[in-house]
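Hi there,

Here is the structure I promised to pass on. Have a look at it first, and then read my notes below.

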Amino acid sequence: MSSIRTLTLGTVSMLAMSAGAAFADGEVNIYSYRQPELIKPLTDAFTKETGIKTNVLFLDKGLVERITAEGANSPADVILTVDIARLTEAKDGGVTQPLADEGINSQIPAQYRDPEGNWFGLTTRGRVLYASKDRVSEDAITYEELADPKWKGRICMRDGQHAYNIGLFASMVAHHGAEYTEKWLAGLKQNLVKKPDGNDRAQAKAIHAGECDLGLANTYYLGLMKTNEKEPEEKDWAASVKVLFPNAGDRGTHVNISGMALTKNAPNKDNAVKLMEFLASDEAQSIYAEQVFEYPVGANAKVSEIVAGFGPIKADPLPLAEIAANRKVASELVDKVGLNEGPTQ
């Protein structure tokens, strides 16, 4: 039987009113932006090792607002989320607490954790270029080159304000400054084949259909498409593209993270810390990376065969906290250049 007991919204609300009486010492409660089936192998392994049961509440939005509304009686112990934007949102929203844990810190490089200990990265994904195998001869590229007129009418991407793109644009601000990034975004806009739309998978679909030659996307979507038995047409989309890791020859490719945080009022704090220590371990990172087609942050954790097949990734060493600090400026620049309006004639 699964060790996960997915909490309904009504159940969580009821538990929030009587958290002290509701939880045994042998439980830990996870609020997750990641679907329960993706973290099930992790929680099963944790329960097998420790005997501590896990309860998972999946939320696709509004996690911080929910914990805030529940207040001091929130049953949430640990937050699992999928990018730096949501991790910093949780910290800035006041729903996390700092954790100084030597074991966790030794496993997770400093660039992938909050300097104050409010969040920790577990896996990374590269913001890369899907490139047509048939129409793109280049095997190397930089983000800076995306503004080069040689790519005019050949690039497609999702909404410029999406968190994944804002993370990349914020990294450009961090490296080059706002003035350069504004000009770069204007050049990128002119090289788009159409207005930004769809999700990352849609960019692979557009390349397969011959609509564009390059698409900005996260690495893990390629793994999801390659293994999609329910929608086998996605396997064809994946087969038509190769992965280009931007700036592999210099600073490295921009990466985002999935991560974890300890909640401010965790009712099962000791068990929560045990879970976080487990999630930081090589064993857990290897399991997690296999499930979600991402790169573990631990130096000794294993990369799945599918992800290894994308090619080696050299990650930009810039601390994600520094990148996150530039998100607001990046978002303002997207609007200033009208990126989501698409190219002008």
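E294 has 0% relative accessibility in this predicted model, and since buried means under 20%, E294 counts as buried. You will find E294 in the loop between α13 (282-292) and β10 (295-296). Its side chain makes a polar contact with the side chain of R34, at 3.0 Å. Beyond its neighbours within four places in sequence, E294 also touches T123, T124, R125, Y220, S258, A289 and V307.

Y220 is itself buried, with a relative accessible area of 7%, and Y221 is buried at 12%.

A search of the whole structure turned up three aromatic pairs. In one of them, the ring centres of F169 and W184 are 5.8 Å apart and the planes stand at 70°, so this pair is edge-to-face. F169 belongs to helix α7 and W184 to helix α8 (residues 178-191), 15 residues apart. Both F169 and W184 are buried. The rings of Y220 and Y221, by contrast, have centres 4.3 Å apart and planes at 25°, so they are stacked.

Helix α5 (residues 84-92) may interest you too. Its buried residues are I84, A85, L87, T88 and A90, and they pack against α4, β4, α7, β9, α15 and α16. At the N-terminal end, D83 caps α5 through a side-chain oxygen 2.9 Å from the backbone nitrogen of A85. Just after the helix, G94 adopts a positive phi of about 75°. Finally, the charged end of R86 sits over the ring of Y33, 4.0 Å from its centre.

Best wishes

Note on methods. Residues numbered from 1 in each chain as written. Predicted model: local features only at pLDDT ≥ 70, side-chain atom pairs only at ≥ 80, totals over all residues. Heavy atoms only, no water. Buried < 20%, exposed > 50% of the residue type's maximum accessible area, 1.4 Å probe, protein only. Helix = DSSP H or I, 4+ residues; strand = E, 2+ residues; numbered from the N terminus. Contact = heavy atoms within 4.5 Å. Polar contact = N/O pair within 3.5 Å; in protein donor to acceptor, adjacent residues only side chain to side chain. Phe/Tyr/Trp six-rings, centres within 6.5 Å; stacked < 30°, edge-to-face > 60°. Lys NZ or Arg CZ within 6 Å of the ring centre and 35° of its normal.
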